Amino acid sequence: MATPDALERLATNATRHLFFTGKGGVGKTTVASALALRLAELGRPTLLVSTDPASNLDDVFTMAVGEQPTPVPRTEDASGQTQLSVMNLDPVREAAAYRERMIAPYRGALPDAALRSLEEQLSGACTVEIAAFNAFTTLLTDAALARFAHIVFDTAPTGHTLRLLSLPSAWSGFISTNSSGASCLGPLAGLGEQQQQYASAVQTLCDPHRTTLVLVARAEPSALHEAARAAGELHALGMHEQQLVVNGLLRSSGSDAVATAFITRQTAAMAAMPEQLTSLPRVELPLVASECTGLAALRAVGRAAADTPSTPAGLHSAPTPHTAAYNPFGTFDELVQQLAAAGRGVIMTMGKGGVGKTTMAARIAQALARAGHAVHLTTTDPAAHVEAAVHAVTLASGSNAQPSLLTVSRIDPALETDRYASEVLADAEHSSGGLEPEERALLEEDLRSPCTEEIAVFRAFARTVADAADRFVVLDTAPTGHTLLLLDAAESYHREVARTAGSHIPESVRTLLPRLRDASYTRLLIVTLAESTPVHEAERLQQDLARAEIVPFGWIVNGSLAASGTQHPVLAARGRLEAPHLQRVATSLAQRAWLIPWDAAR
């Protein structure tokens, strides 16, 4: 809970390794940087490592940060020894290097089509995840880093990665020889020689005397549920030492209606905090109205108690946000008009968790239905809160009933994945004449990966897309470009389809990718917030789709404080921080863009 120095307890009881995790945009880097600085200024040599491909440690510390420990000036102790060093690890670059090591021996020996298929199998999130863990383990076991009392990681490994790399059978010859079509084993296949290093790293991660997992969240339902999911998953794998940081609490609203609604929503989210988090030691940090860059700003993080007003001195006179930054954007009504002009087709909202894509899909579906179009709204969101989103949008519109032309359904990822996994296991048993227990364990673990769920949902998704020939189908969340290419790449595609559907390829599957590439049939909308991490993640999504030759119809920047009309000094100042991100979306990233103001009702 709040103390005169909210980060003090974290610093006092810090283990040697601290891993920060949480949904994008919750402030992980700021909190990790502030704690690392605090530890260093307590006289403990500390290394801060970012594994975020869009690391902004350079901005946070206002210096050039490399791939080796770089001392931070002005953090020396009395003897002149620098106590804080920082470094960036780029898992995307690590993954690219790893991919090239795997593919190079086959150049000239395999047909180009086979090489392309191999490259695509090694281009997904799982490869990046494995590469990031590879970098973690190197640091955890590197004797040259023994001089550091603490190593603070900005981003933790996921439960899936830990499970996969903890399986002893992962190192058997089965990995390199199996042909059962498992989705993640390709990325893992070349790492067998590092088995001992991984085993040692997993042991370190699960030692509560050496490692702490710090879950960072905002007082928002999606962020708290993401933190709870990570807490439960990693606890089950042995990472029992956990702490919770709730970042960005606003306490004082004054007479501003937006601020009052902001606080009301935060209070409700905290009251409904998942049980998994309520028993954890908790630190609460106030919402600040500036980018946390420079040592002075980092030192201030946590100094103010969370129950004091979070309005920095001088900000009461801050001007209201100007509109120049978001003039290039269209409004929600203009977006609906542009979508309605087609008369039918698929509309998909894509983006990272917490950016509001489900609510946006519900708003678009309702608006089109109220304009007289037949609309089917469906989702692949495992949380399945599309019905709640439709209800909230209905109430916000001032109506008591959803439009009669709107139907709502749900593709159940768990059900689809179970069905798919059963088919894969049965096929593997049949084709190999029976799996050994360790082979079956490895295949079952692989089938629990996010990649597998995407492939499983793919078939139901394909059926739904085919329904849009004579009406609107609004889909909340779609397969990534990687999944589509994985299935489209000749060998992988036919193997996956044959595995799930025998020799018959459903028409809906055969025509899916052409339909998604057809701009007259499908309009794909990338949803983001006007913040650094969400925009970068959306950019990566767009690049992923480009590999599948799919061009988004446009970008929706959701929840803008700059466009909300708030006069609250902290919220208005944060609105001004959106300007560079809005400009980048409008001028560099999006063909079309629309700006949606922050609205407590939605």
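Reader: How many bridges join strand S7 to S8?
Author: This is a predicted model, in which local features need pLDDT of at least 70, side-chain atom pairs count only at pLDDT 80 or more, and totals for chains, interfaces and linings use all residues. Residues are numbered from 1 along each chain as its sequence is written, and side-chain values use heavy atoms, leaving out hydrogens and water. Strands are DSSP runs (E, at least two residues), numbered from the N terminus, as are helices (H or I, at least four residues). S7 (residues 242–249) and S8 run parallel, and the number of bridges joining them is 4.

Reader: How many residues of S5 are buried?
Author: Buried means under 20% relative accessible area, exposed over 50%, and partly exposed in between (1.4 Å probe, protein chains only). S5 spans residues 150–154 and is mostly covered. His 150, Val 152 and Asp 154 are buried on one side, Ile 151 and Phe 153 on the other. In a regular strand the side chains alternate between the two faces of the sheet. The buried count for S5 is 5 of its 5 residues.

Reader: Which residue of S5 stands opposite Leu 18?
Author: S1 (residues 17–21) and S5 run parallel, joined by 4 bridges. S2 (residues 46–50) also pairs with S5 in the parallel sense, over 5 bridges. From that strand, Leu 48 stands opposite Val 152. The residue opposite Leu 18 is Val 152.

Reader: Why is one side of S11 and of S15 left without a neighbour in the sheet?
Author: These strands belong to an open sheet of 7 strands, with parallel pairing and the order S11-S10-S12-S9-S13-S14-S15. S11 (406–408) and S15 (593–597) stand at its edges, so the reason is that each has a single partner strand.

Reader: In S12, which residue is the bridge partner of Val 375?
Author: S10 (residues 375–379) and S12 (residues 472–476) run parallel, and 5 bridges join them. In S12, the partner of Val 375 is Phe 472.

Reader: What angle does the direction of H15 make with that of S15?
Author: Contact means heavy atoms within 4.5 Å. Angles run from 0 to 180 degrees between N-to-C directions, and axes are lines fitted to C-alpha atoms, for helices over the stretch in contact. H15 (residues 332–340) packs on the sheet, touching S9 (345–350), S12, S13 (522–529), S14 (554–560) and S15. With the direction of S15, its own makes about 135 degrees.

Reader: Are H16 and H17 roughly parallel or oblique to each other?
Author: H16 (residues 357–370) and H17 (residues 386–396) pack at an angle of about 55 degrees, with their axes 9 Å apart. Angles under 35 degrees count as roughly parallel, over 145 as roughly antiparallel, 65 to 115 as roughly perpendicular, and the rest as oblique. H16 and H17 are therefore oblique.

Reader: How many charged residues does the contact of H16 with H17 have?
Author: From H16 come Thr 358, Thr 359, Ala 362, Arg 363, Gln 366 and Arg 370, and from H17 come Val 386, Ala 389, Val 390, Val 393 and Thr 394. Ala, Val, Leu, Ile, Met, Phe, Trp, Tyr, Cys and Pro count as nonpolar, Asp, Glu, Lys and Arg as charged, and the others, Gly among them, as polar. The contact has 5 nonpolar and 4 polar residues, and its charged residues number 2.

Reader: How far apart are the axes of H26 and H27?
Author: H27 (residues 579–589) lies across S14 and S15. H26 (residues 569–577) packs with H27 at an angle of about 35 degrees. The distance between their axes is 4 Å.

Reader: Does Thr 62 count as buried or exposed?
Author: Thr 62 has a positive phi of about 45 degrees, although it is not a glycine. Its place is in the loop between H3 (57–60) and S3. At 54% relative accessibility, Thr 62 counts as exposed.

Note on methods
Pairing = 2+ DSSP bridges.
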